[in-house]
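Please read what follows with the sequence and the coordinates side by side. The account begins with how elements are assigned and then moves through both chains.

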Amino acid sequence: MHPTLLLGLDGATFTILDPLMENGTMPFLRGLVDRGVQAELMSTSNPLTPPAWISMITGRNPGNHGVFDFIWADQHKADPYFTLYNFRDIRCETIWSMVSRQNGRAGTLNYTMMSPPPVINGYVLPGLVAWKHMRRNIFPRELYEELKEQPFFNVKELAWDFELEKKAEQGIQKEEYRNWVSFHIRRERQWFDVMTFLMKNHPCDLTAILFDGADKIFHMGWRFLDPSSPVDEFDEWELEIRELCLDFFRALDGFLQGIVELAGPQARVFMASDHGFGPSWFVFRVNAWLHEHGYLTWKNLENLAENEREKAKKVVEKHFVLLDWDKTTAYARSVTSNGIFIRKAQNPGENGVPMEEYEAFRRKLTEELLAIREPISGKPIIKKIMTREEAYPGAHNDQAPDLTLVMADYGFISIMNKSPIIARRPEIVGTHYPEGIFLAHGPGIRQNERLDPLSIMDVTPILLYSLGLDIPSDLEGRLPEDIFTKDFIADHPPRVGEPTLVPDTLLPEEKKQQSEEDNGEQQIFEQMRALGYIE
Amino acid sequence: MNQESLIPEQTILSSLTEILQDITADWDTDFNGPIGADTKLVDDLGFESIDIVQFIVAIEEHFQRRGLPWEDILMSDGRYVDEIKVGDAAALLYPHLNKL
C-alpha cells in the first residue's frame, strides 16, 4: 500500500490561511500548496465538527452515517434523554475499517466520535475524550501504557478539557486570552509528539491526525486574524493577542512540516478541514421566537422549591431541556444543530403534531421563519431552511432536525430564553462557514493547481485511491481524478470494489435491520447504474 | 425469560463495581475505600456528567445492551441524579437488563 497521510485541521479556511501563507507565518504550507493541488472542501449541510468529520471518514452524508450533532436525544419520550454521540452511533463503515479489512494498517489520532474505540488493524487515539477516560478509550489499551512512559506525554494537556471548553463557550475574559492561546499551542504539540512517536514506532499505511486548535482560535479570536480587521487601529493588548494567534499558526506550520518530512518524499499528503470559518455579527434566539409564536412553552418553575427553582432557572437560561413538553410542538435542541425539532404525536390523542398535519405544520413554520427580518437592516436573518430530507437524505436521518436553518451570517442559533430575539453581538465572533480546505501533495499529484470545490465526502475515496485500494461501490463521495496527473491515472485506473460493511459495533438486531436496508439501497444503486442514471 | 437465565442483581453489582474500578484507576480522588454498593458516584468518586456518560457506555458495552431507559435509571428533570449509589444503580438496572 502507498503511504498516505491525512492531516485534519479543524475549521481551517483559506480566508485566513491565504494571508498567513502570504505574510510568511506559514512558509511550509505555502510550499505545500505550490507543489500540490488545492480546492475548497464543501462541508455537510450543517457545517459542524461531528457530522462533517464523520462524513469525511465514511464518504457518506449524515443522513446515512447517522451523526448530526454533539448530542443525541430520544425525542419520542415524554421527557427526552440527552447524551453525547459516540462511535457506536455511526451507521457506516469508517475508512479505518476499510483499510484494515484490505490488510492495511491505519492509525487515527484525535478524530471525533472515535470512542469507545473501534478494533482495527492499527491504533485509535480518540478526540473529544476527557483525560480521565483516555486510558480506557485508546486502542489497543497497552498503547496508553507505552505512551505514558514517554517523557513528552501529558494526558491532561492532550485530552479534551470539557471545563475549559465550556468556559470558552460562555466567553473568555480579556486577561484569559493569553493562556487560552498558549494552551492550544501546547496541546497541538502534544498531538504532534504522539504522532511522530507512533510514526516511528508503529508505522501505518494510513496515518491520520486531527489538529483542532485552529477552530478554537477562530471562534474566540476571529477579529484578531480577519484580513478585513483594521490591524493598524489595534491597541497594545489586541496586537499582543494577534501576535499570539500568529504564534499558534507558526507552531502549527512547524508541526505539519515535521510530520510530512518524517513521512518522507514517497508519502502522499492530504490536508482537509471539516468546515470553514467566517464572521458572525448577530444572534437569533430561536426558542424565544418559538415561544413568542406559540410553538414552545417553558416549564413553569414557580411550583419548585426555591433552591431548586434557582438551579432550574440557570439550566433554562442555557439549556432547552426544561420545557413543558406537553405544550411544545417545536424547539431547538442545541446551539450547534442549527435545527428545529418538531414534536410529533406518535399515536392518536398524544401531544404533539398529528402525522397527517406534519407537512402543513412544517411548511407554515418554514414560511414564518423565512419572513423574519433583522430590525436595523430589514434584511432576512435566515438564508435558507432545509427539511430533514433535503439536508440529510438517507436511511438513518431519524435523529436529524426537522428543519435546518442556514443563518444569513452562517452563525449558530441561540436556544436561550432571553430577549431581544434578534441581537447584534457585542463584537464579531468566528463561526462555521461551509467552505473548508483541501490540499494534496505527493507522487502522482498535480502541482500548483486549484480545482473546483470538492465535497467533504470525496476524501474517503481519495485516500483509498492513494493507498491503492478498491473504492467501495456504495460511497456517496467520488474520486476527483483531476487531483492526480493524467499519466498516474492511466497507470493506476481506479477500481470500484464491494460495498462497505455494516459496522461491528451495531448490535445483532441493528445489523440485521441495516443489512436489509443496505441491500435495498444497493439494489436501487445497481438499477440506477444499469439505467445510466449514475456512473 | 426463565429464572435460570436472569442476571442476578449481585452479578450486576459486581460488574458495575469492576467497571468503576477500571474507570477510576488513575484518577486523583480522595476516596480510599473499596467501591461497593454504598459508594456514591458524585460525592465519593467525584463523578461529573461527562463521567456518567462514559459509565453508561461502559455498562452498555459490558452487557451488550443499548437503549436502556437511562432517564428512569439515572436522571430526573433532565439532569443526572446527584445522590445515586452503585447499589441503587444495580437495583434499577436489574429489571431492564432482565427485560422484566
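This is a predicted model: local features need pLDDT of at least 70, side-chain atom pairs count only at pLDDT 80 or more; totals for chains, interfaces and linings use all residues.

Helices (H or I, at least four residues) and strands (E, at least two) are taken here as DSSP runs, numbered from the N terminus. Residues are numbered from 1 along each chain as its sequence is written, chains are lettered from A and ligands numbered from 1 in the order in which they are written, and side-chain values use heavy atoms, with hydrogens and water left out.

Four helices and two strands are found in chain B, and from the N terminus on they follow the order α-α-α-β-β-α. Of the 100 residues in chain B, 46% are buried, where buried means under 20% relative accessible area, exposed over 50%, and partly exposed in between (1.4 Å probe, protein chains only). Contact means heavy atoms within 4.5 Å, and among the contacts in chain B with a separation of 6 or more, 66% are between residues 24 or more positions apart.

When residues up to four places away in sequence are not counted, Asp38(B) touches Asp44(B) and Lys85(B). The C-alpha atoms of Asp38(B) and Val86(B) are 6.2 Å apart in space, although these two residues are 48 residues apart in sequence.

Ile52(B) and Leu74(B), 22 residues apart in sequence, have C-alpha atoms 8.9 Å apart. In the loop between α2 and α3 (70-73) of chain B lies Gln64(B), whose phi is near 50 degrees, a positive value in a residue other than glycine. Most residues other than glycine have a negative phi, and most peptide bonds are trans. At 49% relative accessibility, Gln64(B) counts as partly exposed.

Chain A has 18 helices and 21 strands, and 59% of its 535 residues are buried. Of the contacts in chain A with a separation of 6 or more, 72% involve residues 24 or more positions apart.

Backbone geometry can also be followed in chain A. The loop between β5 and β6 of chain A holds Met113(A), which has a positive phi of about 65 degrees although it is not a glycine, and which counts as buried at 5% relative accessibility. Pro116(A) is found in the loop between β5 (106-111) and β6 (122-126) of chain A, and the peptide bond that joins Ser115(A) and Pro116(A) is cis, with omega about -10 degrees. A cis peptide bond also runs from Phe139(A) to Pro140(A), with omega near -10 degrees, and Pro140(A) is in the loop between β6 and α6 (141-148) of chain A.

Strand β7 (residues 206-211) of chain A includes Thr207(A), which counts as buried because its relative accessibility is 5%. Apart from neighbours within four places in sequence, the contacts of Thr207(A) include Thr4(A), Leu5(A), Leu6(A), Gly107(A) and Tyr123(A), as well as Met195(A) and Met199(A).

Helix packing comes next. Two packed helices are described by the angle between their axes and the distance between the axes. Axes are lines fitted to C-alpha atoms, for helices over the stretch in contact, and angles run from 0 to 180 degrees between N-to-C directions. Helix α9 (residues 177-201) and helix α11 (residues 236-263) of chain A pack at an angle of about 5 degrees, with their axes 10 Å apart. That angle makes α9(A) roughly parallel to α11(A), since angles under 35 degrees count as roughly parallel, over 145 as roughly antiparallel, 65 to 115 as roughly perpendicular and the rest as oblique.
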